[in-house]
Amino acid sequence: MCKAFHIQGSDYYFAVSVVVATIGAFVLGIAVHRIFSFPVFLYAILVFADALTKSKLFAIAIKALAASFV
């Protein structure tokens, strides 16, 4: 078996931390103050704007936004 594609459990810590931080920001934004959800919205706006300027298609920008959170 090729060891180059072997994935260990520790490889998922960064992805899990991003998901937990995103969910945590939304929960804190709802429960405490809206300022906690600002980084998530800023990221979404930047991804949308970048995809829109590169592709010039609104549908592609929406799909890129959805893909960035998947």
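How many nonpolar, polar and charged residues does the lining of the largest pocket have, by class? The lining has five nonpolar, two polar and no charged residues. Here Ala, Val, Leu, Ile, Met, Phe, Trp, Tyr, Cys and Pro count as nonpolar, Asp, Glu, Lys and Arg as charged, and the others, Gly among them, as polar.

The model is predicted: local features need pLDDT of at least 70, side-chain atom pairs count only at pLDDT 80 or more, and totals for chains, interfaces and linings use all residues. Residues are numbered from 1 along each chain as its sequence is written, and side-chain values use heavy atoms, with hydrogens and water left out.

The largest pocket holds about 170 Å³ of space. A pocket is an open set of points on a 1 Å grid over the protein atoms alone, where a 1.4 Å probe fits, with protein on both sides within 12 Å along at least five of seven lines; lining residues have an atom within 4 Å of a point. The volume is the space filled by probe spheres set on the points, which are joined across faces, edges and corners. The lining is formed by V18, V19, T22, I23, S68, F69 and V70. Two or more of the lining residues come from each of α1 (13–31) and α3 (58–69). Helix α1 gives the most, with four residues. Helices are DSSP runs (H or I, at least four residues), numbered from the N terminus.

Helix α3 also packs against α2 (residues 38–55), at an angle of about 140 degrees and with the axes 8 Å apart. Axes are lines fitted to C-alpha atoms over the stretch in contact, and angles run from 0 to 180 degrees between N-to-C directions. The two helices α2 and α3 are therefore oblique to each other; angles under 35 degrees count as roughly parallel, over 145 as roughly antiparallel, 65 to 115 as roughly perpendicular and the rest as oblique.

F48 lies in α2. Beyond its neighbours within four places in sequence, F48 is in contact (heavy atoms within 4.5 Å) with F58, A61 and I62.
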